[in-house]
Amino acid sequence: MAITSTIFLFVFLPVALGVFYIADDRAKEYILVALSLFFYAVGSLKYFELFVVAVCITVVLGRLIARAKEKKLKKVLVTVGVLVNLSILIYYKYMDFAISTINDLAGSTLALRNLALPLGISFFTFKAISYLCDVYSEKVKLDHEPVRDVLYLSFFGQVLSGPLARFGDFKNTFIGTEEKNHLFSDGVFRFLIGFNKKVLLANVLANITNEVYSTDFSLFTPAFAWLGAICYSLQLFFDFAGYSDMAIGLSEMFGYHCMENFNYPYMTESVAKFWRRWHISLSQWFRDYIYIPLGGSRTKSKGRVYINMLAVWLATGIWHGAAWNFVVWGLGFFILIAFEKATGFPDAFKSKGGKIAYRIFTLFFINFEWVIFRAKDLKTAAIYIQNMFMFQKHTISNLRTMFIIKDYFWIILFAIVLSFPVVPNLRKRFEGKEELCRIYDAVIGILVIVLFIWAITFAVVGQNNPFAYANF
């Protein structure tokens, strides 16, 4: 059940909100757990039992870790918990990748398992690991309500694609009626914004990228290739940022704050800073649970720092997908971030022009990385990038490029503009002018609602693509 589907919007969510707010406060968490398990069962009945077992094992081990007195026992328990969760992820996500790699290297003919991915497996695994590690390191103190642990791992608003919230931050924040009403209204507004991003921008841009990426390379021209690459960069941002907005909105509707996951990443000045703005919760997860435990940047050897960074980016690449193009994609980011760390770029530039030039280079590099990310394999990615610079003349492709730009001009333009903080910066201009602020907020609110109604018509007629990150 996608959170952009009509069934979710007009049946599941209204019923969930109604039952949640009518229920006694002591029952709310149990109701949310029941709703979350139902949501998961509807979306992935085949793996529902696996999900429930994994949740139960994780929570039981977390509780045992919290109660254990001996450090050795704690280490054993957290190790078992991490290995159990990783083994599930590795088996379902990477088994076929491992078999195909062995077949390629050894010339063997081992049969592939062709396993479907359990719903949200990558995100659940990382949340489970962070829960176990935080309990082990005593960053969080468990109370006497295991239902909260279960809810953290299974909450339907975040189970599909995150954000990777921490257990210590996943607390019901309802203090009083005023706080409750404010958080709920913020959540509704945030959900509407995310829905609009996904349906009106990401889904429409997907029409362009799907056409370009499915076209035979012999018909490519540079303009056609660049159009597909740029539109995919925008599509991926609005798709995942849209989901994150909806997840944050859903969390707030039920009284839970949720961390931000995107902060206008294409505003970045460098590749390293890009990852402080893109998929923020994932970047922080790798920092806290891989980079820092390996020694981070506080090691005595400078070489060890880069080895630690390499480990993080190899893990980041393989986390995104079981294919070599994801490994190369991760290595690409490692090389540029290591280069920036070694040279001090872009801060090393004394002139403003140098910093602007490096920012432009960064955006080009990220665009090439998304081509590798979107391609079905490395060979396809290499040919695609090659076609971005080979000046072939294909009249049909050039005409098609012009037709696409003509038909989607305003969508592409709005996507580019809205990928930068135009709206919040405009709001800042009215700070200190209460009347203008109220008018501005009212106009934006009405616009968001009107666009949401328009977006609903797309969902009703079935023009609704699955979330890109649901595959990870």
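This is a predicted model: local features need pLDDT of at least 70, side-chain atom pairs count only at pLDDT 80 or more; totals for chains, interfaces and linings use all residues.
Trainee: Why is H4 called roughly antiparallel to H5?

Mentor: Look at the crossing angle. The axes of H4 (residues 71-106) and H5 (residues 121-136) cross at roughly 175°. Angles over 145 degrees count as roughly antiparallel. Therefore H4 is roughly antiparallel to H5.

Trainee: What makes up the contact of H4 with H5, by class?

Mentor: It has 12 nonpolar, 4 polar and 4 charged residues. Val78, Val82 and Leu86 are among the H4 residues. Phe124, Ile129 and Leu132 are among those in H5. Leu, Val, Ile and Phe count as nonpolar.

Trainee: How do you know how H4 lies against H11?

Mentor: Use the angle again. The axes of H4 and H11 (residues 302-320) come within 10 Å and cross at roughly 100°. The range from 65 to 115 degrees counts as roughly perpendicular. So H4 is roughly perpendicular to H11.

Trainee: Which residues make that contact?

Mentor: Lys93, Tyr94 and Phe97 come from H4, and Ile318, Trp319 and His320 from H11. By class, that gives 4 nonpolar, 1 polar and 1 charged residues.

Trainee: Why is the pair Arg63 and Asp149 called a salt bridge?

Mentor: Check the distance. The closest N and O atoms are 2.9 Å apart. The cut-off is 4 Å, between a side-chain nitrogen of Lys or Arg and a carboxyl oxygen of Asp or Glu. So Arg63 and Asp149 form a salt bridge. A search of the whole structure finds 19 salt bridges.

Trainee: What does the pair Arg63 and Asp149 tie together?

Mentor: Arg63 lies in H3 (residues 48-67) and Asp149 in H6 (residues 146-154), so the pair ties together parts that are 86 residues apart in sequence.

Trainee: What makes the peptide bond from Gly162 to Pro163 cis?

Mentor: Its omega is near 0°. Pro163 sits in the loop between H6 and H7 (177-213). Phe345 and Pro346 are also joined by a cis bond, with omega about 0°. Pro346 is in the loop between H12 (324-343) and H13 (352-374).

Trainee: Which helix gives the largest share of the nonpolar patch?

Mentor: H15 does, with 7 residues. The patch covers about 750 Å² of surface, and Trp410 and Leu413 are among its residues. Leu413 is found in H15. H15 (395-418) and H16 (422-428) each supply at least two residues.

Methods:
Residues are numbered from 1 along each chain as its sequence is written. Side-chain values use heavy atoms; hydrogens and water are left out. Axes are lines fitted to C-alpha atoms, for helices over the stretch in contact, and angles run from 0 to 180 degrees between N-to-C directions. Helices (H or I, at least four residues) and strands (E, at least two) are DSSP runs, numbered from the N terminus. Angles under 35 degrees count as roughly parallel, over 145 as roughly antiparallel, 65 to 115 as roughly perpendicular and the rest as oblique. Contact means heavy atoms within 4.5 Å. Patches are made of residues with over 30% relative accessible area and no salt bridge: like charges are joined within 9 Å, nonpolar side chains (Val, Leu, Ile, Met, Phe, Trp, Tyr) within 5 Å. Accessible areas come from the Shrake-Rupley method with a 1.4 Å probe; for residues, only the protein chains shown count as cover.
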